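Here is a short tour of the model you have open.

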Amino acid sequence: MSGIKLLATGSALPQHMITNHDLEQIMDTSDEWITSRTGIGARHHCQGEECHTSLCLEAAKKALERSGVKPEEVGVCLVATLTPDHLTPATACVLQKELGFQEDAICFDLNAACSGFVYALHTAECLLAASQRKYGLVLGAEVLSRVIDINDRSTYVLFGDGAGAAVVEWREEFPSIHAVLGCRGNDQVLTIPGVNKGVPAVVHMDGQDVFRFAVEALPRCAREVAQKAGITLEEVDRFVLHQANQRIINFAVKKLGVDPAKCTGNIAHTANTSAASVPILLDELVQKGEIQPGNKVLCVGFGGGLTWAGALLEVAQGREGDTK
Ligand code: COA
């Protein structure tokens with residue numbers, strides 16, 4: 001046995017919020033169309049000095065401060081993202097410098113699209129175990145407003161910017177998060193061309209194919225995590241599900257047969273923030289007291305790749321180091 005527990009969270013959303021009614025003024029869409037098909041009412045977009053790095057810094061500082069973990073104690077820092085400010089240096093390397101992690105901290109970004117934060121949690125658990133370091137800082141962050149095409153109403157309305165961070169503690173005696181990660185390579189239904197493609201790097205999506213994938217992958221992944229952890233879905237205190245579309249969540253919750261009150265989200269004001277979606281929601285629920293120490297939280301992400309990832313994250317009672 002060995003694993004990580006959640007110590008603290010933080011998040012950051014850009015100041016500027018764009019409602020569906022604002023979008024009605026600039027494109028052929030309606031609040032009724034967006035709300036009824038997705039549950040989205042608003043999204044946040046970076047403006048001015050705000051950027052991927054500034055959102056990450058804000059979320060990371062909050063999480064570290066709340067955890068009581070000092071920057072020099074951070075052994076692993078991972079940023080899940082597909083919209084970093086730089087292809088190099090990785091955002092995690094910028095955080096090393098700005099926050100003052102030691103030079104032997106393992107810092108890198110990873111891209112598993114909307115599953116990225118849960119991929120990063122699992123990677124952090126493995127790296128902390130391998131390096132015998134105690135504390136990890138895991139972020140999911142996106143500035144999707146940079147990769148959406150204002151001329152494509154079917155994708156523009158869906159995405160937003162934001163960052164979420166989690167400080168985790170690794171211990172030999174902690175249970176694993178029992179991560180389930182998967183990938184079904186597909187470069188057709190959800191893509192953003194790379195910098196060398198010679199075409200604009202904007203989201204291309206076949207919404208209905210992605211919808212069909214999501215309503216199958218999300219509940220399957222949640223079940224597999226519970227099975228791997230040896231618990232029933234009823235024993236899960238809280239589900240933190242990727243906020244891509246309220247209808248996808250409703251389908252999945254029904255398929256799983258779990259209490260919808262344990263699966264509420266924040267898509268109405270964040271829209272889909274890809275890798276940032278799970279950690280932003282995690283933070284909002286912790287700050288509202290809806291996730292408490294000792295709770296078992298089942299997180300699931302799914303999306304581009306196509307990828308999926310789930311994990312059972314237990315919330316620590318406080319720093320283990322403080323009680324020993
Ligand atoms: N406002 C108004 N009308 C819109 C619109 C918008 N923003 N976007 C598309 N439409 C129109 C289409 O042009 C189409 O019109 P037509 O029938 O005259 O051709 C109509 O609405 C239906 O389009 P369709 O794409 O079939 O809608 P849909 O019911 O499948 O809903 C999504 C589209 C994107 C909301 C839905 O497919 C979806 O949520 N898919 C999953 C996307 C997702 O979650 N991706 C991220 C995964 S991580």
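Predicted model: local features only at pLDDT ≥ 70, side-chain atom pairs only at ≥ 80, totals over all residues.

Now for the whole protein. Eleven helices and 13 strands make up its secondary structure elements. The radius of gyration is 18 Å, which agrees with a compact globule, because a chain of 324 residues folded that way would have a value near 20 Å. Some overall values are collected here.

| Property of the protein | Value |
|---|---|
| Span of the C-alpha trace along the principal axes | about 60 × 45 × 35 Å |
| Accessible surface | about 13,400 Å² |
| Share of that surface from carbon and sulfur atoms | 51% |
| Share of the 324 residues that are buried | 56% |

What share of the contacts between residues at least 6 apart in sequence join residues at least 24 apart? In this protein the share is 78%.

Let us zoom in on helix 5, which runs over residues 116-131. Its 16 residues reach 22 Å from the first C-alpha to the last, close to the 22 Å expected at 1.5 Å a residue. Which residues of helix 5 are buried? They are Gly116, Phe117, Val118, Tyr119, Ala120 and Leu121, together with Ala124, Glu125 and Leu128. After helix 5 comes Gln132, with a positive phi near 55°.

Key: Residues numbered from 1 in each chain as written. Heavy atoms only, no water. Helix = DSSP H or I, 4+ residues; strand = E, 2+ residues; numbered from the N terminus. Rg over C-alpha atoms; globule rule 2.2 N^0.38 Å. Buried < 20%, exposed > 50% of the residue type's maximum accessible area, 1.4 Å probe, protein only. Contact = heavy atoms within 4.5 Å. Areas by Shrake-Rupley, 256 points an atom, 1.4 Å probe, with all protein chains shown as cover. Expected span 1.5 Å × (residues − 1).
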